[in-house]
Amino acid sequence: MKKNVKVLQIIHDLEPPFELVAKSYAESFFGCSVTTIVLKGERDEKFCNEIYGEVYFLELSSQSLKGFKIQAILKVRSLLRTISPNIVIGHRYKPFFIAVILNYFFSLDAVFGVVHHYGFLDRKSRRLFSRFWKENVELIAVSNPVCDYLKRRVQEKKEKIHLVQQAYFKPILFTKKEALKFLSLPDSNYYFGAVGRLVEKKNHQFLIEAFSKINDDSNLIIIGDGRLSGELKGIAKDLGIEKRVHFLGQVEMAHRYLKAFDCFIFPSTEKEEFGIVLLEAMFAELPIICSDSPGPMSIAAGFAHIFRSGDQEHLTTQMRSIREKTTDELLKSSKAGLKKLEEDFCQAKMFASIRSIPTVAKLLSKF
């Protein structure tokens with residue numbers, strides 16, 4: 001295919017998982033002219049070398065990305081004049097808002113908003129604004145539950161809502177021994193582990209309280225940082241398990257160290273939309289305990305050990321059950337997870353999903 005179709009994607013920053021997201025969307029348009037704009041954050045040469053296509057870092061401040069985002073709109077506008085893209089993709093609402101505004105001033109074939117969270121159109125002002133989108137604006141949901149959410153919010157645009165599940169690039173993983181050494185943890189313990197921002201929807205308090213009822217040699221590793229860090233540490237201390245709960249904070253490329261875990265736990269609430277870290281745990285071939293919330297279940301159904309969301313005792317029971325299972329039983333579930341990853345969340349599947357969107361397919365067929 002000639003490099004005639006020009007694709008521009010806009011992301012807010014490279015905070016996890018958006019480095020992966022940007023790379024996989026760029027790769028899905030292989031053969032086209034792809035440009036990625038990163039609104040916030042310093043230039044990252046490693047990212048530039050790894051992603052398909054050109055990259056621009058605007059290095060905007062957080063303040064400039066509030067309100068009407070005039071500075072961001074003007075900077076992106078100047079790039080649009082140079083790039084003249086056919087397709088513009090905005091990840092999350094702020095980049096999408098910028099793309100929709102500029103859609104009024106440029107002759108674009110299609111504008112896509114990639115919806116990674118349920119709150120995308122919760123505000124009345126955003127739903128009102130959606131009535132004034134041009135006809136070439138469409139939405140991409142990262143999971144079936146997010147699709148359903150969008151169809152409830154903008155019922156008149158159902159035919160312009162598409163499902164594209166996130167692909168996963170397979171990294172080089174450290175062995176269990178190497179990972180534990182890097183994380184400064186002894187290799188003599190059994191480790192349950194969780195990875196995610198320390199915010200309410202990740203449900204770490206629920207996990208810590210469920211773990212506190214396990215009276216064996218198990219330890220709990222929590223990788224991630226956030227506003228609830230101090231509160232969660234206080235809860236672990238109050239429960240008398242502070243020596244068995246290891247808060248490791250933000251770990252760069254945490255996915256490379258997942259083999260430090262003996263079991264991965266994904267305790268998120270029904271507010272969780274997808275969960276790329278689940279894909280990472282599947283690739284690490286870990287036994288997984290996961291809540292039955294719709295977003296996580298869109299990934300984990302069929303192979304993970306499921307507990308009822310909000311049922312703390314059930315989570316504790318599943319944690320105890322995992323420790324009682326044989327190696328063969330655990331291997332069977334982890335191999336099933338890896339198989340599902342390779343079938344449903346590979347780059348080829350994402351490539352096909354994006355290119356089967358009618359607007360994209362029609363445009364690509366012209367070149």
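**Exercise 1. Two helices, H8 and H9**

Is the crossing of H8 and H9 left-handed or right-handed? Then work out how the two helices lie against each other and which residues hold the contact.

*Solution.* The model is predicted.
- Step 1: the crossing of H8 and H9 is right-handed.
- Step 2: take the geometry. The axes of H8 and H9 are 10 Å apart, and the helices pack at an angle of about 15 degrees.
- Step 3: classify the angle. Angles under 35 degrees count as roughly parallel, so H8 is roughly parallel to H9.
- Step 4: list the contact. H8 supplies His204, Gln205, Ile208 and Glu209. H9 supplies Glu231, Leu232, Ile235 and Ala236.

**Exercise 2. Histidine 204**

Find the element that holds histidine 204, and decide whether this residue is buried or exposed.

*Solution.*
- Step 1: histidine 204 belongs to helix H8.
- Step 2: its relative accessibility is 3%. Buried means under 20%, so histidine 204 counts as buried.
- Step 3: look at what surrounds it. Leaving aside residues up to four places away in sequence, histidine 204 touches Gly196, Arg197, Leu198, Val199, Ile222 and Leu232.

**Exercise 3. The six-stranded sheet**

Give the strand order of the open sheet, name its edges, and place the helices H8 and H10 on it.

*Solution.*
- Step 1: the order of the 6 strands is S10-S9-S8-S11-S12-S13, with parallel pairing.
- Step 2: S10 (245–249) and S13 (305–307) are the edge strands, since each pairs on one side only.
- Step 3: neighbouring strands here are turned against each other by 25 degrees on average, direction ignored.
- Step 4: H8 (residues 204–211) packs on this sheet and touches S8, S9, S10, S11 and S13. The directions of H8 and S9 make about 170 degrees.
- Step 5: H10 (residues 276–283) also packs on the sheet, touching S8, S11 and S12. Its direction makes about 165 degrees with that of S11.

**Exercise 4. Both ends of that sheet**

How many bridges join S9 to S10, and how many join S12 to S13?

*Solution.*
- Step 1: S9 and S10 run parallel and are joined by 4 bridges. Isoleucine 222 stands opposite phenylalanine 247 in S10.
- Step 2: follow the chain. From S9 it passes through H9 (residues 229–238) to S10, in a right-handed β-α-β crossover.
- Step 3: S12 (residues 288–291) and S13 run parallel, with 3 bridges between them. Cysteine 290 faces isoleucine 306 in S13.

**Exercise 5. Strand S1 and its partners**

State how covered S1 is, then trace its pairing with S2 and S4.

*Solution.*
- Step 1: S1 spans residues 6–11 and is mostly covered, with 5 of its 6 residues buried.
- Step 2: S1 pairs with S2 (residues 33–40) in the parallel sense over 6 bridges. Threonine 35 in S2 is the bridge partner of leucine 8.
- Step 3: the chain goes from S1 through H1 (residues 18–28) to S2, a right-handed β-α-β crossover.
- Step 4: S1 also pairs with S4 (residues 87–91) in the parallel sense, over 4 bridges. Isoleucine 10 stands opposite glycine 90 in S4.

**Exercise 6. H3 against H4**

Describe how H3 and H4 cross.

*Solution.*
- Step 1: the axes of H3 (residues 70–83) and H4 (residues 93–102) come within 10 Å and cross at roughly 60 degrees.
- Step 2: that angle makes H3 oblique to H4.
- Step 3: H3 passes H4 in a right-handed crossing.
- Step 4: Ala72, Ile73, Val76, Arg77 and Leu80 of H3 meet Phe97, Ile98, Ile101 and Leu102 of H4.

Note on methods: Residues numbered from 1 in each chain as written. Predicted model: local features only at pLDDT ≥ 70, side-chain atom pairs only at ≥ 80, totals over all residues. Heavy atoms only, no water. Buried < 20%, exposed > 50% of the residue type's maximum accessible area, 1.4 Å probe, protein only. Pairing = 2+ DSSP bridges. Right-handed = clockwise from strand over helix to strand, strands pointing away. Axes fitted to C-alpha atoms, helices over the stretch in contact; angles between N-to-C directions. Parallel < 35°, antiparallel > 145°, perpendicular 65-115°, else oblique. Left-handed = near helix turned anticlockwise from the far one by under 90°. Contact = heavy atoms within 4.5 Å.
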